[in-house]
Amino acid sequence: MRHLLTLADLGPHDLRTILDLSAGAPEPVLRGQGVALYFEKPSARTRNSMELAVVQLGGHPVYLQPQELGIGSRESVEDVTRTLACFHRIIAARTFDHELLEGMAAVGAAPVVNMLSDTDHPLQALADLLTIRELCGRIEGVKVAYVGDGDNNVARSLAHACAMLEAELTVASPAGYELSDAPLGVRQTQDPCEAVEGADVVYTDVWVSMGQERERDERVAALEPYQVNEALMARAPSAYLLHCLPAHRGEEVSAGVIDGPRSAVWQQAENRMHSARGALRWILQQD
């Protein structure tokens, strides 16, 4: 049984297979079957992309919220997982705590997909790789600069993905915001100008994520020099902009850049659906 909890558990062959399946035409591998989509955190892109991916594969997505399952209050994670497996071919969860996903997977009742946790965001990284491949015609050797808070789930999954497929990733973050446990081959710097010099892709993310609202003033002050704006993008005149969204114009990215001709964020957003479809097909290959 395959699970997709973190890209660090995959190999390069698995990653390339998922990307190829993402680019291919949908097949009805979920015909007549359900997929449970459990959301502790709301998300426009994740819900829409996953629901449509399941539908395109012939399945039926069921959206679930914490009050409906009562994990840890009404029922244990093991009992909830076994119950959902009675109805669904796959269980996907967007959760605060990565350990919940590991607990679901440990039951072994159904394949488990991480739709986002506090440590990883594998489905976003798959969409990022698919977009990079479409924009640049390849992934190997592509120079990617990630600018901003490096110690988050998006940067971590992107780092694992780039390292596996030999893209050249440089993460630019202020002190205290560096990517922890960076994979071999990923460079880190505190200089955003150095990071984007000659880059093919410049990537950024919000400075204040869900659950970090109390740290807002401190985070904005530390990350303000890392805004991706016209001056920074001028150091990489051929680079595309990626952003996992939602975006805060005037904070991590200027309006002129994200709404400009080199922005590929909407192509990237659409690829959330295609890459989710590829991930589900990969999981079912050996389910």
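I began with a cut-off: a residue is exposed over 50% relative accessible area, buried under 20%, and partly exposed in between. I also noted that this is a predicted model.

**Entry: surface charge**

I looked up Glu99. Its relative accessible area is 57%, so I logged Glu99 as exposed. I placed Glu99 in helix α5, which covers residues 98-107. I then checked its surroundings. Glu99 belongs to a surface patch of negative charge, together with Asp9, Asp97, Glu102 and Asp118.

**Entry: Lys41**

Which side chain of opposite charge is nearest to Lys41? I found Asp118, at 7.6 Å. Lys41 has no salt bridge, although it is buried. A salt bridge needs a side-chain nitrogen of Lys or Arg within 4 Å of a carboxyl oxygen of Asp or Glu. I located Lys41 in the loop between β1 (34-39) and α2 (44-56). Leaving out residues up to four places away in sequence, I listed its contacts as Arg94, Phe96, Leu116 and Met210.

**Entry: salt bridges**

Side chains of opposite charge can pair when their charged atoms come close. I counted eleven salt bridges in the structure. I went through some of them.

I took Asp149 and Arg219 next. Their side chains form a salt bridge, with N to O at 2.3 Å. Asp149 sits in the loop between β5 (143-147) and α7 (153-164), and Arg219 sits in helix α9 (residues 216-223), so this pair ties together parts 70 residues apart in sequence. Buried or exposed, Asp149 and Arg219? I found both buried.

I moved on to Arg156 and Asp151. They form a salt bridge, and their closest N and O atoms are 2.7 Å apart. Arg156 has a relative accessible area of 15%, so I marked it buried. Asp151 is at 34%, so I marked it partly exposed.

I then checked Arg216 and Glu251. Their salt bridge has its closest N and O atoms 2.3 Å apart. This pair also links distant parts of the chain: Arg216 is in helix α9, Glu251 is in the loop between β9 (240-243) and α11 (255-258), and 35 residues separate them. Arg216 is partly exposed at 33%. Glu251 is buried at 15%.

I closed with a network.

Terms used
Residues are numbered from 1 along each chain as its sequence is written. This is a predicted model: local features need pLDDT of at least 70, side-chain atom pairs count only at pLDDT 80 or more; totals for chains, interfaces and linings use all residues. Side-chain values use heavy atoms; hydrogens and water are left out. Patches are made of residues with over 30% relative accessible area and no salt bridge: like charges are joined within 9 Å, nonpolar side chains (Val, Leu, Ile, Met, Phe, Trp, Tyr) within 5 Å. Accessible areas come from the Shrake-Rupley method with a 1.4 Å probe; for residues, only the protein chains shown count as cover. Lys and Arg count as positive and Asp and Glu as negative; His and the chain ends are not counted. The place of a charge is taken as NZ of Lys, CZ of Arg, CG of Asp or CD of Glu. Helices (H or I, at least four residues) and strands (E, at least two) are DSSP runs, numbered from the N terminus. Buried means under 20% relative accessible area, exposed over 50%, partly exposed in between (1.4 Å probe, protein chains only). Contact means heavy atoms within 4.5 Å.
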